[in-house]
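Thanks for passing this model along. Here are some friendly notes on its helix packing and its pocket.

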Amino acid sequence: MAVSPETVAEIIKLLTPFNTGGATITPDTDISSDLNIDSVAVMDFVMEVEDHFNIEIPLNQVAETRTVNELAAVVEARVKKG
């Protein structure tokens, strides 16, 4: 599923404060392993995304989502569900 560049950009902006190592974030960045973010920080980040887009992401979807692009696809699908 193609995601909008705007959604990816918003997610990258929200992810930036959690990127303490200063890695370059791209749509293919693995949020947990590439950025060395622990599970607690990932959950904090997901809550930021949920608040920003006014959605809820089920925990099972969070567990299955690895990259920025995959998260953007989940966000867009949840926004469409409304």
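The points below take the helix pairs in turn and then the pocket.

1. A word on the basis: this is a predicted model, in which local features need pLDDT of at least 70 and side-chain atom pairs count only at pLDDT 80 or more, while totals for chains, interfaces and linings use all residues. Residues are numbered from 1 along each chain as its sequence is written, and side-chain values use heavy atoms, with hydrogens and water left out.

2. Let's start with α1 and α2. Helix α1 covers residues 5–15, and its axis lies 10 Å from that of α2 at an angle of about 135 degrees. Helices here are DSSP runs (H or I, at least four residues), numbered from the N terminus. Axes are lines fitted to C-alpha atoms over the stretch in contact, with angles from 0 to 180 degrees between N-to-C directions. The two helices, α1 and α2, are therefore oblique to each other; angles under 35 degrees count as roughly parallel, over 145 as roughly antiparallel, 65 to 115 as roughly perpendicular and the rest as oblique.

3. Which residues of α1 and α2 make the contact? From α1 come T7, E10, I11, L14 and L15, and from α2 come F45, E48, V49, H52 and F53. Contact means heavy atoms within 4.5 Å. By class there are six nonpolar, two polar and two charged residues in this contact (Ala, Val, Leu, Ile, Met, Phe, Trp, Tyr, Cys and Pro count as nonpolar, Asp, Glu, Lys and Arg as charged, and the others, Gly among them, as polar).

4. Next, α2 and α4. Helix α4 spans residues 68–81, and its axis comes within 11 Å of the α2 axis, crossing at roughly 40 degrees. F45, V49 and F53 of α2 meet L71, V75 and V79 of α4. This contact has six nonpolar residues, with no polar and no charged ones.

5. The axes of α1 and α4 come within 9 Å and cross at roughly 115 degrees, which makes α1 roughly perpendicular to α4. T7, V8, I11, I12 and L15 of α1 touch V68, N69, L71, A72, V75 and E76 of α4. Here the classes are eight nonpolar, two polar and one charged.

6. Finally, the largest pocket has a volume of about 150 Å³. On a 1 Å grid over the protein atoms alone, a pocket is an open set of points with protein on both sides within 12 Å along at least five of seven lines, and lining residues have an atom within 4 Å of a point; the volume is the space filled by probe spheres (1.4 Å probe) set on the points. The lining includes F45 and L71, and α2 gives the most to it, with three residues. The lining residues divide into seven nonpolar, two polar and two charged.
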